Amino acid sequence: MAEAKLKQKVANGLLWKLLENGGAQGIQFVIAVVLARLLSPAEYGVVGIIMIFITIANVIVQNGFSTALVQKQYAEEADFSSVFYFGLAAAGVMYSVLYGAAPAIARFYGLEALKDIVRVLALVLFPGSVISVQTAYVSRKLEFRGLFLSTLAASVISGAVSVWMAYTGWGVWAMVGQQVIYYFSLMLVLFFMVSWKPAFLFAWKRLRELFAFGWKLLTASLIDTLFNNLYGLIMGKIYNEEILGVYNRGDQFPKLIVNNLGAAIQSVLLPAFSTCQESPEEMRRMVRRAVRISSFLVLPMLFGLCAVADTLVLVFLGEKWLPCVPYLRIMCAAYSFWPIHITNLQAINAAGRSDVFLKLEVIKKAMGLAGLFAGIRFGPLVLVGIKAVLDFFCTFVNAWPNKKLLGYGIGTQWADILPSAALSLVMGTGVYGLGLVLPGGAWIRLCLQIVSGIGIYAVLAMVFRMESFFYLIQMVKDRVKQSQQ
């Protein structure tokens, strides 16, 4: 009975999380398309440079405490409130650092406008610290409905303002405004939609307990963020901001998929896995199910996106953005390995082994740095290509601990993923071929390719009796029955 209740709660949480990511990112995708039509790749690159520094600062501000709050078996009001106040203080420190460093950043890149942009955009650190606690509470309770509505509202408000700013000639400041308004409006709406509110409580003892787990995640996250953003730093400095803008735009489309499906699954998995941390057998069943389901959903979308990349960019962004197509296709390959990455890392976190998590990050980033320095001399495309190859090898690194912890090694994981990968490859090849022979303009060709891809994949899943396909169908049927009762 308890197991069935947990499964129902996980299914409901996943549904709302998918709606939240899909709705918000769907709106943000539309806004990004409109802004891409109004702004240049160089203007996108300028904001891309600044977001690197903001992202790194955000990691420090959040301190790994949000994951620790979700993972902790009995998190109380004192835990959430202590993290809330500490996060705001950390945001103040990091904002001061960025404010003072702004002139140096502008000089380093030779762009005077960066000074003011850094100082304004860094304001998102304050609402970001609050949102991390709010979403930790939501994740712990698996109450994603409020997050869905809040994110949707924030996306609409910030998107409308940024489009107006771009249309009226604000240029790069349109994207700055979008980020600042999004974070502040999301924080404010969440205060109305989520039941948790900070209390006048602060306990150093609770922070120390959370930090004992969270500092390893903070270090691992900081290493990961620094490494991933090295690509942007290098492209913005060694090449130019236009190359960075093209790379970021190519990265955006596949990232939209993994952030929607992958991150939704990730947000629901950690609290679900944490409830089973004392039962390795049950956790292994859940991890295996997560790998199968996430690969069944994510892989066809990435393979299909790779197949329609040139048509999609032409339709949505325009001819000036066609240079981003090679980057888009390479990043589709890189993100294809995320089902293994996400699920394995969440299982390790749920088991309370943040020390293992940190060791894995050190190993992966050592490999990545070697590839980074090897690829710099050959240009940006080779640099990104090496990253995709290394992401494949990192699946073996991430899966290695779960061979011992759960008895679920990389060989079994690839066996679970390969059926979805094989069907996705067949579907993607067919869709790409159709793009070469289909008549009509780009819009018609893209629509026919998408419809054909969905049809081909669904038929193949039924013909080969894919277990994940029928599992999802049954889950939808059960959901419909519940709504009718």
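## Nonpolar cores

In this predicted model, the largest nonpolar core contains 82 residues. Within that core, Ile50, Ile54, Leu114, Leu125 and Tyr247 touch the most other members. Leucine 125 illustrates such packing: beyond its neighbours within four places in sequence, leucine 125 is in contact with Ile54, Ala57, Asn58, Val61, Ala91, Met94, Tyr95 and Leu98. Another core, of 23 residues, lies apart from the largest one, and its members include Leu147, Ala154, Tyr182 and Leu190.

## Salt bridges within a helix

Side chains of opposite charge can pair when their charged atoms come close. In the whole structure, a search finds five salt bridges.

One of them joins aspartate 251 to lysine 255, with the closest N and O atoms 3.1 Å apart. Both residues belong to helix 10, which covers residues 241-274. Lysine 255, at 32%, is partly exposed.

A further salt bridge connects the side chains of aspartate 391 and lysine 387, at 3.6 Å from N to O. These residues lie in helix 16 (residues 380-405), and because they are four residues apart there, they too are separated by about one helical turn. Here aspartate 391 is buried, with a relative accessible area of 15%, and lysine 387 also counts as buried, at 11%.

Arginine 288 and aspartate 416 form a salt bridge whose closest N and O atoms are 2.8 Å apart. This pair links distant parts of the chain, since arginine 288 is in helix 11 (residues 280-307) and aspartate 416 is in helix 17 (residues 410-437), 128 residues apart. Arginine 288 is partly exposed, with a relative accessible area of 32%, whereas aspartate 416 counts as buried at 10%.

The pair is also part of a wider arrangement. Salt bridges with shared partners join Arg288, Arg292 and Asp416 into one network.

## Serine 81 in helix 4

Serine 81 is located in helix 4, which runs over residues 77-109. With a relative accessible area of 0%, serine 81 is buried. Which residues does serine 81 contact, leaving aside its neighbours within four places in sequence? They are Trp196, Pro198, Ala199 and Leu201. With alanine 199 there is a specific approach: the side chain of serine 81 reaches the backbone nitrogen of that residue at 3.0 Å.

## Length and bending of two helices

Helix 4 has 33 residues and extends 45 Å from its first C-alpha to its last, which is close to the 48 Å expected at 1.5 Å a residue. The helix bends by about 45° at alanine 101, and proline 103 follows within four residues. After helix 4 comes glycine 110, whose phi is positive, near 70°.

Helix 17 has a kink of about 35° at isoleucine 417, shortly before proline 419.

Methods. Residues numbered from 1 in each chain as written. Predicted model: local features only at pLDDT ≥ 70, side-chain atom pairs only at ≥ 80, totals over all residues. Heavy atoms only, no water. Core = buried A, V, L, I, M, F, W, Y, C linked by side-chain atoms within 4.5 Å. Buried < 20%, exposed > 50% of the residue type's maximum accessible area, 1.4 Å probe, protein only. Contact = heavy atoms within 4.5 Å. Salt bridge = Lys/Arg side-chain N within 4 Å of Asp/Glu carboxyl O. Polar contact = N/O pair within 3.5 Å; in protein donor to acceptor, adjacent residues only side chain to side chain. Bend = angle between axes of the 7 residues up to and from the residue. Expected span 1.5 Å × (residues − 1).
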